[in-house]
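Thanks for coming, everyone. I would like to walk you through one structure this morning, and I will take it slowly so that you can follow along on the screen.

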Amino acid sequence: MDEIITRLKKVRRGAMFIIEAPSGTGKSAVVKEILRCDPNIKFSVSVTTRKPREGEVDGKDYYFIDDAQYNEYLKQDAFYEYVDSQYGSRYGTLRSEVDSFINVGEDVLFDMDWAGARQMKAKAKDDVVTIYLLPPSIKELRSRLENRGTDSKETIEKRMNLTAEKLKHWNEFDYVLVNVNLEDTIKKVQRIISGERMKRVRQTGLQSFVDELLEEAKHD
Ligand code: ADP
């Protein structure tokens, strides 16, 4: 039986899961738990032209590259999505990085905004599954940001001011959840992931498996 399970895993095509939410909703908490519980899902590491912050590791937090390399990637159409701000830092998701997982049946998780999700959908189509988390209320959103204790008052105001603009894009996503209870939300996201894995289009090796079943049935 184990042998069959290993074989079926190998013949699967991975999916790209994008989770988006207004800041403070609980996106990072959900992403962290999904990655911790499921070794078959990898976090996508982006490239950036900004300098590493203290403690950031090249290849783990980002691939830190220079402008020349970034321009080269742009020229080669090497990105699934990118944010190319000429004045600020530039970011991108390399096709090669993502495909190396997808092609061997491993899923990839992205922490990405609606604009990135839109680009990903346009380029990677059915490989992409998008999930939007809504806060239960704006009051609760503010209190989560305050209780998190990572941002100054000023930053919290900035984040809150961006909330309405972010919320407007909720209806571009495949799945929408209200993050009332964190544990419930994590379970729901895990169910979405396992459902998506069973889709026929992702089980690319099933035809040969069924062919073998048919062959076996002939001699039964
Ligand atoms: P985001 O990544 O969306 O900005 P975080 O994951 O940092 O948000 O969550 C913001 C804060 O809210 C964190 O302190 C987190 O532990 C907490 N949190 C997340 N989900 C819930 C929830 N369902 N109920 C209460 N607090 C939550």
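I will go through the salt bridges, then a pair of helices, then some loop residues and a surface patch.

Please keep in mind that this is a predicted model, in which local features need pLDDT of at least 70 and side-chain atom pairs count only at pLDDT 80 or more, while totals for chains, interfaces and linings use all residues. Residues are numbered from 1 along each chain as its sequence is written, and side-chain values use heavy atoms, with hydrogens and water left out.

Let me begin with charge pairs. The structure holds 25 salt bridges, where a salt bridge is a side-chain nitrogen of Lys or Arg within 4 Å of a carboxyl oxygen of Asp or Glu. For the helix and strand labels, helices (H or I, at least four residues) and strands (E, at least two) are DSSP runs, numbered from the N terminus.

Is E20 buried or exposed? E20 counts as buried because its relative accessible area is 0%, and K27 is buried as well; the cut-offs are under 20% relative accessible area for buried, over 50% for exposed, and partly exposed in between, with a 1.4 Å probe and protein chains only.

Another pair is R50 with E56, whose closest N and O atoms are 2.9 Å apart. R50 is buried, with a relative accessible area of 11%, whereas E56, at 22%, counts as partly exposed. There is also a network of salt bridges that links R12, D38, D107 and R197.

Turning to the helices, two packed helices are described by the angle between their axes and the distance between the axes. Helix α2 (residues 27–37) packs against helix α8 (residues 182–197) at an angle of about 55 degrees, and their axes are 10 Å apart. That angle makes α2 oblique to α8, and the crossing of the two is right-handed.

Next, the loops. In the loop between α7 (153–167) and β9 (175–178) we find E172, which lies 8.5 Å from T130, C-alpha to C-alpha, although the two are 42 residues apart in sequence.

Finally, the surface. V210, L213 and L214 form a nonpolar patch there, with about 250 Å² of accessible area together. Of these, L213 is found in helix α9 (residues 206–218), and L213 counts as partly exposed because its relative accessibility is 44%.

I am happy to go back to any of these places on the screen.

Key: Patch = residues over 30% accessible without salt bridge, like charges linked within 9 Å, V, L, I, M, F, W, Y side chains within 5 Å. Areas by Shrake-Rupley, 256 points an atom, 1.4 Å probe, with all protein chains shown as cover. Axes fitted to C-alpha atoms, helices over the stretch in contact; angles between N-to-C directions. Parallel < 35°, antiparallel > 145°, perpendicular 65-115°, else oblique. Left-handed = near helix turned anticlockwise from the far one by under 90°.
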